[in-house]
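Please have a look at the structure on the screen, and then we will go through it together.

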Amino acid sequence: GLDRERQPTFIEGNDWACLVSFEYDASHDRLHRKITTFRQVEQLYRRSFEEHVLQLYRAEEVESRLRDAGFRVDVVRNFGAFPLLPQRVGFIARRP
């Protein structure tokens, strides 16, 4: 599933670095992303931290809820020329 067993990632540039770890909470179907960044400011490095908590839903559930709310729904795997990442879908919902 979506990043459920993904290993921590690390990327860096000349004066910055970004570390990301992932934790999946199966009991609530949530994904926790912990992101730590380091950015050089003159001679020192500035550290930042943020955490994203994502509630995961099956595409069929979202599509059904949108239809139940009165929307026409198209499920897409790209927006225009831009493909979505694996295991992700988008929704275009319009009122009739």
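Let me start with a term: a salt bridge is a side-chain nitrogen of Lys or Arg within 4 Å of a carboxyl oxygen of Asp or Glu. Before I use it, please keep in mind that this is a predicted model, in which local features need pLDDT of at least 70 and side-chain atom pairs count only at pLDDT 80 or more, while totals for chains, interfaces and linings use all residues. Residues are numbered from 1 along each chain as its sequence is written, and side-chain values use heavy atoms, with hydrogens and water left out.

Now to the layout of the chain, where helices (H or I, at least four residues) and strands (E, at least two) are DSSP runs, numbered from the N terminus. The chain has 1 helix and 8 strands, and along the sequence they follow the pattern β-β-β-β-α-β-β-β-β.

How many salt bridges does the structure hold? There are 4, and I will show you some of them. In one of them, glutamate 63 pairs with arginine 67, the closest N and O atoms being 2.7 Å apart. These two residues are 4 apart in helix 1 (residues 59-68), and therefore about one helical turn separates them. For exposure, buried means under 20% relative accessible area, exposed over 50%, and partly exposed in between, using a 1.4 Å probe and protein chains only. Glutamate 63, with a relative accessible area of 23%, is partly exposed, and so is arginine 67, at 40%.

Another salt bridge joins glutamate 23 to lysine 34, with 3.3 Å between the closest N and O atoms. This pair links distant parts of the chain, since glutamate 23 is in strand 2 (residues 16-25) and lysine 34 is in strand 3 (residues 30-41), 11 residues apart. Here glutamate 23 is partly exposed at 41% relative accessibility, and lysine 34 is partly exposed at 26%.

A further salt bridge is formed by the side chains of arginine 94 and aspartate 74, at 3.3 Å from N to O. Arginine 94 belongs to strand 8 (residues 90-94) and aspartate 74 to strand 5 (residues 72-76), so this pair ties together parts that are 20 residues apart in sequence.

Let us turn to the sheet, for which two strands pair if DSSP finds at least two bridges between them. An open sheet of 4 strands has the order 1-2-3-4, with antiparallel pairing. Its edge strands, each pairing on one side only, are strand 1 (9-12) and strand 4. Strand 1 and strand 2 run antiparallel and are joined by 4 bridges, and glutamate 12 stands opposite alanine 17 in strand 2.

Which loop holds glutamine 43? Glutamine 43 is found in the loop between strand 3 and strand 4 (44-55), and at 72% relative accessibility it counts as exposed. From glutamine 43 to leucine 66 there are 23 residues in sequence and 52 Å in space, C-alpha to C-alpha.

Finally, the overall dimensions: along its principal axes, the C-alpha trace of the chain spans about 60 × 35 × 20 Å. Of the 96 residues in the chain, 16% are buried. Thank you, and I am happy to take questions.
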